[in-house]
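Thanks for coming, everyone. Let me put the structure on the screen, and then we will walk through it.

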Amino acid sequence: SETYDGVTWTSTNSVPDAISAFTGNGNANSALCINGATDADGHTNDVYEFDGTNWSATTPTSDATRECTGGGNSSGGMRISGQKSGTGYMNETQEFNGTTWSAGGNYILEVRNLAGGGITDSAQIAFFGLAGGSATNKCGTYDGTSFTEENTLPFSTQGVSGDSLPDISEAMTVGSRSGVKF
């Protein structure tokens with residue numbers, strides 16, 4: 001992994017397992033690496049916590065997913081939607097309080113490969129993704145209890161990156177997928 005101090009990138013210790021299709025969130029001193037794939041068809045419920053130097057295993061989520069999104073850090077975060085092993089797309093979420101995971105409010109649709117972020121488990125935004133085999137332009141915000149469907153984005157895509165800081169009133173997405181560059 002790498003951290004950035006505003007000027008320089010610095011190598012840090014790696015996540016203990018080789019995984020892809022995970023969601024990562026936090027900052028250079030407190031971050032989470034949530035779920036993902038251990039191989040082409042695999043799903044994992046593993047979660048790793050970063051303390052600024054090292055990654056270590058922490059409490060896993062209750063189910064194995066990949067291609068999810070989320071936000072927060074090691075003291076409070078969230079996993080949103082994704083693809084659950086054996087079931088396809090899902091709208092389920094899980095909230096992390098720094099110690100345990102628990103069920104959160106369902107996202108606005110069953111989707112995977114979506115983007116989003118937030119700084120706590122009670123303020124999240126998620127958008128885009130693959131729903132029912134097609135890219136979507138849907139967007140939802142979370143208030144700690146439930147998701148609200150927001151204005152749609154001007155086009156549909158999936159598999160891009162996004163985040164919101166300092167809160168969910170400001171968000172950004174970047175990437176290129178399905179012939180759309182932005």
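One definition before we start: two strands pair if DSSP finds at least two bridges between them. Strands themselves are DSSP runs of E, at least two residues long, and helices are runs of H or I, at least four residues long, all numbered from the N terminus. Now the ground rules. This is a predicted model, where local features need pLDDT of at least 70, side-chain atom pairs count only at pLDDT 80 or more, and totals for chains, interfaces and linings use all residues. Residues are numbered from 1 along each chain as its sequence is written, and side-chain values use heavy atoms, with hydrogens and water left out.

The overview. The chain has 21 strands and 0 helices. Of its 182 residues, 46% are buried, and buried means under 20% relative accessible area, with exposed over 50% and partly exposed in between (1.4 Å probe, protein chains only). The accessible surface is about 8500 Å², by the Shrake-Rupley method with a 1.4 Å probe; for residues, only the protein chains shown count as cover. Carbon and sulfur atoms own 46% of that surface. Next, contacts, meaning heavy atoms within 4.5 Å. Take those between residues at least 6 apart in sequence: 41% join residues at least 24 apart.

A hairpin of 2 residues links strand 12 to strand 13. Threonine 120 has alanine 123 as its bridge partner, and glycine 116 stands opposite alanine 126. Strand 13 also runs antiparallel to strand 16 (residues 139-142), joined by 4 bridges. There, alanine 126 partners glycine 140.

How many residues of strand 13 are buried? The count is 5 of 5. In a regular strand the side chains alternate between the two faces of the sheet. Here both faces are covered: Ala123, Ile125 and Phe127 are buried on one side, Gln124 and Ala126 on the other.

Now the packing. A nonpolar core is a set of buried Ala, Val, Leu, Ile, Met, Phe, Trp, Tyr and Cys residues joined through side-chain atoms within 4.5 Å. The largest one has 10 residues, including Met78, Ile80, Tyr107, Ala126, Ala131 and Phe147. Apart from it lies another core of 7 residues, among them Ala115, Ile125, Phe128 and Leu153.

Not counting residues up to four places away in sequence, phenylalanine 147 touches Met78, Ile80, Tyr107 and Tyr142, among others. Alanine 131 sits in strand 14 (residues 130-131). With the exclusion of residues up to four places away, alanine 131 touches Tyr89, Leu109, Glu110, Val111 and Thr136. Its C-alpha is 9.1 Å from that of methionine 90, 41 residues apart along the chain.

Arginine 112 next. It lies in the loop between strand 11 (101-103) and strand 12 (115-120). Buried or exposed? Arginine 112 is buried, at 17% relative accessible area. Beyond its neighbours within four places in sequence, arginine 112 contacts Glu67, Gly82, Gln83, Tyr89, Gly129 and Leu130.

Over to another set of strands. Strand 4 (residues 31-36) and strand 5 (residues 44-50) run antiparallel, joined by 5 bridges. Alanine 31 pairs with phenylalanine 50. Strand 5 then pairs with strand 6 (residues 55-58), again antiparallel, over 4 bridges. Those two form a hairpin with 4 residues between them, and glycine 52 in the turn has a positive phi of about 105 degrees.

Last, the cysteines. There are 0 disulfides, a disulfide being a pair of cysteine sulfur atoms within 2.5 Å. Cysteine 33 is buried at 3% relative accessibility, and cysteine 139 is buried at 7%.
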